Amino acid sequence: MSVRAEGLLASPAPGERGSDVAAGRPPPGAEPEDEALLRPVLHTTWRFWAMGAVLAAVALWGANAYLVQFRWGLGVTGLNRPNYWGIYITNFVFFIGISHAGTLISAILRIARAEWRRSITRSAEVITVLVIFFGIGNILIDMGRPDRLMNVLRHGRFQSPLLWDVVSVSTYLVGSTVYLFLPLVPDIAILRDRTSGLRHRFYRMLALGWRGTPRQHRILEVLISIMAVVVIPIAVSVHTVVSFVFAMTIQPMWHSAIFGPYFVVGAIFSGIAALILAMAIIRSVYGLHDYLKPVHFSYLGTLLLVMSLLWFYFTFAEYLVTFYGSEPVHMAVWWAKISGPFAPAFWTMVGCCVVVPFVILSNRRTRTVKGTVVASVAVTIGMWLERWTIVVPSLSNPRLPGAAGTYFPTWVEWSIFAGCVAAFTLLYMIFTKLFPIVSIWEIREGREVAVGQVVERVRSYLPQGGRVDGRAS
Amino acid sequence: MSSKGPVMTLRRREFLKGVSVAAAAAGCAPLLASCGRPARASAARRAEPPPRGAPESWVVSTCGACPGGCGIRARVVAGRVVGIAGNPLHPVNRGGLCPLGLAGAHALYHPDRVRGPLLRTGANGSGELRAATWDEALRVLTGRLGDLRGRGLSHTVALVDGTRGLSRQVAARFLAAYGSPHHLGGRPWNDLGPSEPLRAMQGVESAAAYDVENAAFVLAFGSGWLEGSASPVAAARAYAIARRGRKAARVRVVHVEPRLSVSAARADEWIPLVPGTEGILALGLMHMVLREGLESREVTEERSSGFEPLRAIVLRDFHPDAVSERTGVPVATIIRVARQFASTRPAVAIGDDRNGPGAQSVATGMAIHALNAAVGAVHAPGGVLAPLPVPLDPLPPAPADEVAERGRAFPSLAAARRPGGDLASLQAWLEGGGGHPVHLLVAYGSDPVTTLGGGEPARAAIRRVPFLVSFSSFLDETARQADLVLPNHTYLERWQDDPTFTSRGFAVLGVRQPVSKPRHDTRDAAEVLAEVGRGVGGPVREALPWRSFADVVRLSTRGIHRSGRGALFDVPEAEAWVVTMETNGWRASSFGSFDEFWESLKARGGWWDPVYDFGERGRVLRTPGRKLDFAPLARTLQPGGTPGSLAIAAPPAPVDGHPLRLHLYPLLAAFGDSQGPLPWVQDVLGHELGQTWTAWVELAPSDAAILGIEDGAQVRVESAGGSLEARAKVYAGVRPGVLAMPVGPGGAPGATCGRALAAQAGALATLRTAGGEPVEGDVFVRVRRA
Amino acid sequence: MIEREGRNGSPRWGMAIDLDRCTACQACVTACQVENNVPPPTAEAAAQGRSIRWMDLVPHVEGEYPRVKARLLPRPCMQCDNPPCIKVCPVGATTIGEDGIVMQIHARCIGCRYCTNACPYTLRYFNWYEASWPGDLGLALNPDVSVRPKGVVEKCTFCHHRLQKARDRARAEGRDVEPGEYVPACAESCPTRAITFGDLEDPHSEVARLARSPRTFRLLEDLGTEPKVFYLREG
């Protein structure tokens with residue numbers, strides 16, 4: 001690994017400028033560089049509180065809806081026989097899918113040494129950690145007997161794909177949290193050094209005594225590299241296992257061998273869209289235009305386009321195979337999606353997941369910040385609908401015709417959905433108030449170390465005047 | 001909707017409690033939402049089953065949920081009826097039971113039961129009732145009756161009787177001694193009473209039994225005989241035996257009905273036809289039978305009278321082409337079915353002997369009976385039988401005084417014999433067609449308003465009676481507008497005899513005994529009549545001297561004991577032995593002393609006599625010359641007759657703009673004895689069409705497309721006489737051009753559990769033909785989106 | 001005690017439903033609901049498709065007028081020998097006994113409804129609300145069957161409580177459960193005797209004889225679930 005200049009990332013001594021920082025003013029004589037990244041943490045506007053209040057209200061409304069459901073039972077939902085699963089399971093799959101934004105993308109970019117990752121990894125990883133809670137939460141909300149959750153540990157059966165989910169998702173949650181936390185340590189140390197009182201104590205505790213010594217850096221780099229490698233198979237397994245919940249049954253249009261990769265692709269696809277949205281909001285709210293540049297959006301947009309096409313490939317394969325086989329029970333579900341009651345959702349999904357992203361993102365001129373945001377909104381909606389059109393139509397069209405039925409969520413379910421989204425956004429906002437949403441030290445590292453390394457690396461790819469290349473770092 | 005207030009507050013309280021508990025658990029204060037709880041959370045409560053190990057017994061009795069007369073065994077634990085199963089010894093049901101009977105305990109514990117006598121407080125027919133004591137209620141009734149009798153107006157009292165057996169005799173005695181001729185039949189819709197064709201052509205007052213068990217070919221006309229007959233369990237059992245439960249070959253069943261009912265679906269062949277033309281088809285089949293010489297010569301030439309005129313008319317008028325034109329049944333089908341029917345022995349044609357709206361006319365019934373007779377299927381194995389009566393000791397003739405003699409001498413309303421039965425006569429009478437007024441009407445085991453089809457015309461007609469008394473255990477349509485409600489025990493709380501018969505014509509007596517103590521302040525209706533009689537005094541007092549109806553039942557069974565015939569209920573295997581003994585002139589059973597006999601009778605559930613003597617022609621043919629008489633049918637078809645539904649020449653023309661013909665059919669397990677709406681039964685009725693808990697009408701997909709009506713749409717059905725609203729069911733099993741609608745008395749609006757098919761019944765009475773006659777035969781309707 | 005041929009230990013309870021006898025009266029449906037303390041259905045529950053019918057009548061209308069055919073199929077739990085529902089349960093709340101009866105342990109079920117979705121026959125039911133009995137209707141509860149709490153899945157048990165009672169009785173009398181001694185409520189109530197119940201392992205039992213009939217078929221047989229409910233075709 002590269003050798004770092006001593007004290008490169010060391011912060012100034014705490015005593016030097018405490019009060020100024022607390023007042024939120026840029027301290028005189030401090031490096032103005034990257035101060036914009038600390039500003040959201042140290043300075044809060046009324047807009048934040050207003051937005052926070054609105055989101056809290058929605059989240060509380062959702063919590064209230066859940067209490068209604070807890071009191072009266074799942075009867076307050078629109079669920080029925082045969083539609084035993086509905087919006088909660090849709091949300092579970094959707095949220096777990098979104099969670100692939102972070103860890104997986106950031107890990108892949110890290111391993112690939114994509115230098116443009118530096119300003120986006122943090123925001124991606126936060127999405128992952130927070131959204132997993134809502135993924136798990138929706139499973140708990142869906143349970144008829146949440147009070148018996150412990151039975152899963154007490155009587156857990158590994159033959160059940162749901163147990164695979166429990167293991168996989170909890171591992172993913174732990175892994176992602178660690179993977180979020182590790183690169184956060186140097187930034188926490190920065191904040192530790194710039195705050196006082198309670199906040200100072202809070203950051204001191206979390207900074208784990210980070211002083212930025214070369215040894216500490218070495219350890220951090222190793223740990224991050226290990227986690228980046230470890231987290232990828234976990235992430236892939238998570239959504240594979242989520243798909244297995246459906247694919248392991250013999251229900252029409254669930255029982256499919258491509259569901260594993262299909263779900264993983266969909267997850268990354270929706271994750272990138274969510275990341276673009278998060279970045280766009282952070283960029284405009286916190287004025288981080290210098291850090292989240294159009295190039296980031298353009299690159300992510302390209303990635304989104306690739307995933308869109310990949311997703312389309314899987315979808316096409318899945319539906320063509322079903323259609324060509326024309327088994328009646330499968331075709332009942334198929335037609336329900338293509339031209340039946342689920343057609344509006346299905347075709348909106350196709351439009352949102354393929355047509356809109358392709359039109360916008362395949363053209364460099366429209367692959368702007370705005371363009372990618374529009375595409376991402378479409379993809380997010382489309383991917384939610386994709387989960388919906390996978391979960392519900394198969395249940396609505398069971399093998400024995402007598403049990404057929406329709407499902408539409410009630411206010412309780414919509415409220416809980418809204419509450420989840422609001423609570424997630426709120427937690428995300430709170431995170432940006434506690435920690436820099438763009439990794440400061442990684443930006444600095446990029447500026448001070450990586451530029452040279454990249455030049456070196458690129459040079460190493462090229463023939464260099466007859467010299468035998470042996471210097472790749 | 002008046003009960004909404006308190007219900008809401010209770011709900012909210014519960015809800016708030018629930019939320020606060022949950023909020024405390026969650027450690028946050030949630031926003032309160034006032035909706036989302038289950039609709040029934042407040043009205044209902046969690047119930048605890050009786051403790052384990054509590055004393056348990058099985059009590060044998062007879063079901064009274066419908067007129068079927070099945071034997072039941074009630075499981076009683078700690079005094080609670082916790083289950084009802086069929087009595088395996090009972091020859092009618094042999095352990096099977098229908099949904100209605102199985103849910104019987106829920107009628108006993110139904111929250112909507114009348115808990116004690118009620119007196120009207122508001123205006124006549126207002127339905128405002130207050131609780132009263134029995135003393136007060138009986139004083140009011142005794143006073144009224146005594147007053148009318150004192151003024152020589154005893155003949156202005158009428159009693160609508162839905163019971164049978166001894167309770168019916170008690171009512172008859174009461175009226176005879178009191179001095180009224182108006183003992184009117186008020187049987188529930190699917191009850192089986194005396195068959196009109198048998199009365200007309202055989203001269204007997206007897207129900208018709210169809211010996212399906214022994215038939216090789218069954219031709220069923222009209223509405224579903226499996227679901228709508230008087231004893232659905234017995235019909236189903238006979239069907240199953242004929243299909244798979246006998247040595248003889250599997251029966252072939254052909255079903256003729258405008259709609260693919262459950263019976264039609266279970267048949268080997270379904271022949272859809274124009275509603276109300278079953279009689280014409282029967283005569284068309286007879287035409288082919290006669291033309292091909294397939295009739296039973298023995299019957300037509302020796303053992304009947306009046307056949308030749310009928311033959312002439314049938315051969316002249318009922319040519320397959322004409323019949324096909326009128327019924328919509330292809331000529332080839334008519335020819336084929338006629339040949340099958342006449343050449344398969346034994347074959348039987350089943351008429352629809354149901355009562356009330358949608359029933360077949362007497363003329364149609366006679367046509368079907370004539371078809372049976374022509375092929376020798378009357379009083380023959382596998383044919384139409386006149387079941388044997390139960391040899392109960394009859395009550396002695398009622399004493400009479402001068403008032404009684406005078407009152408009895410008035411012509412009875414029941415003599416009118418209108419197509420709609422006694423109740424139709426009553427309605428017409430009340431609407432101004434009658435002679436003297438009716439001052440007091442007693443609904444005894446009956447619900448005349450519902451049986452008349454419910455709805456405003458029926459209610460209004462009954463409201464014309466100044467004083468209306470109901471013995472109903474539930475607030476049925478009649479009780480709701482009564483001046484006095486004297487709630488009877490439910491059938492699980494009372495004594496009763498239940499004389500009935502099997503499909504093979506065997507006499508059966510089921511004993512009904514209480515399986516539960518009375519739950520509420522109710523009394524046995526027959527005992528109440530006796531008590532009222534004591535209050536009125538004179539011959540009425542003498543006529544009804546007993547205090548306990550159980551004694552009446554017990555003493556009447558002395559007749560059976562004395563006869564020595566038949567046997568107590570026993571396992572099926574015992575039947576052959578009884579038959580062997582009896583047909584060889586021995587007594588099959590040793591009944592022992594009467595007390596022993598009575599105890600065994602109660603323990604086994606009843607008595608039967610598994611013998612039907614086909615030689616005994618005098619019993620089933622009371623006509624002059626002991627011959628089956630085709631003349632009544634011929635008379636209706638001759639010039640000057642009133643062919644009604646058999647009029648082949650002049651098909652009824654649709655009223656302007658009313659393109660669809662109405663077909664009314666009974667639902668499986670339709671409510672019999674007024675029971676209140678049982679949720680379990682509501683959940684079953686119409687389930688085969690996915691139409692439970694609601695009022696619906698069915699129409700063919702082609703008609704629905706023309707009318708622009710989608711499945712599930714709310715529609716308004718209009719006839720020249722009235723209209724109703726219902727949900728549309730687009731059903732491929734309906735003949736195009738027909739609107740099919742189920743009938744069955746429903747639950748009361750505002751019932752605490754179980755809601756209503758009531759709209760069916762309620763709106764029915766408004767669906768009348770242009771002439772104002774009750775629904776029967778050809779009614780034309782139009783349908784549009786509501 | 002009769003020594004039965006071909007038996008190795010436990011009986012294997014099965015059911016044969018003769019569609020040639022059945023008249024679709026739904027007595028079995030009500031008998032089951034009443035026997036097993038299913039809370040009274042409501043119009044709302046029916047409209048929402050939440051009626052609990054362990055034994056149901058499955059209607060299927062096909063064809064066009066006048067060649068319409070209505071099939072009406074009484075449908076209890078198929079009591080599969082290879083039940084897809086058991087595989088997916090995360091907490092082992094659904095089990096299959098040695099006698100082949102698939103049971104639900106209501107006290108353990110977490111209400112995830114995976115089994116309801118995995119069942120290809122859609123014949124498992126969920127308690128959407130707390131069970132309630134209007135007025136005194138609860139007095140008619142069967143003391144042998146527990147009332148299910150809200151939020152758990154329930155299903156047909158072949159009236160397992162009746163087997164337990166029959167076993168207790170037999171044990172007290174020092175004998176085996178006799179044929180016909182244990183019969184579920186649906187079979188007992190059937191007016192047409194269309195439902196035959198008994199031990200499939202006993203080659204002389206009526207149900208085993210019917211299961212071998214050329215008229216026999218099973219629902220969705222190709223899924224390999226090996227149902228122990230056999231249907232006999234009409235005709």
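Me: What should I know about the model and the numbering before I start?
Reply: The model is predicted, so local features need pLDDT of at least 70 and side-chain atom pairs count only at pLDDT 80 or more, while totals for chains, interfaces and linings use all residues. Residues are numbered from 1 along each chain as its sequence is written, chains are lettered from A and ligands numbered from 1 in the order in which they are written, and side-chain values use heavy atoms, leaving out hydrogens and water.

Me: How many residues of chain B are in contact with chain C?
Reply: Contact means heavy atoms within 4.5 Å. Here 70 residues of chain B are in contact with 63 residues of chain C.

Me: What area is buried between chain B and chain C?
Reply: The size of an interface is often given as the accessible area lost when the parts come together. Buried area is that loss with a 1.4 Å probe, summed over both parts. Between chain B and chain C it is about 5,700 Å², and carbon and sulfur atoms give 58% of it.

Me: How many salt bridges does the rule find across this interface?
Reply: The rule asks for a side-chain nitrogen of Lys or Arg within 4 Å of a carboxyl oxygen of Asp or Glu. It finds nine across the interface of chain B and chain C. In one salt bridge, the side chains of Glu56(B) and Lys165(C) meet at 3.7 Å, N to O.

Me: Which element of chain B gives the most to the side that touches chain C?
Reply: Helices (H or I, at least four residues) and strands (E, at least two) are DSSP runs, numbered from the N terminus. Elements giving two or more residues to that side include strand 3 (71-77), strand 4 (80-86) and helix 8 (232-244) of chain B. Helix 8 of chain B gives the most, with seven residues.

Me: Let's turn to chain A. How many helices and strands does chain A have?
Reply: Chain A has 18 helices and zero strands. Its C-alpha trace spans about 75 × 65 × 45 Å along its principal axes.

Me: Is Leu182(A) buried or exposed?
Reply: Buried means under 20% relative accessible area, exposed over 50%, and partly exposed in between (1.4 Å probe, protein chains only). Leu182(A) has a relative accessible area of 11%, so it is buried. Leu182(A) sits in the loop between helix 8 (161-181) and helix 9 (185-194) of chain A. Not counting residues up to four places away in sequence, Leu182(A) touches Leu220(A), Leu223(A), Ile224(A) and Met227(A). Across chain A, buried residues make up 58% of the 473 residues.

Terms used:
Buried area is the accessible area (1.4 Å probe) that two parts lose on being put together, summed over both.
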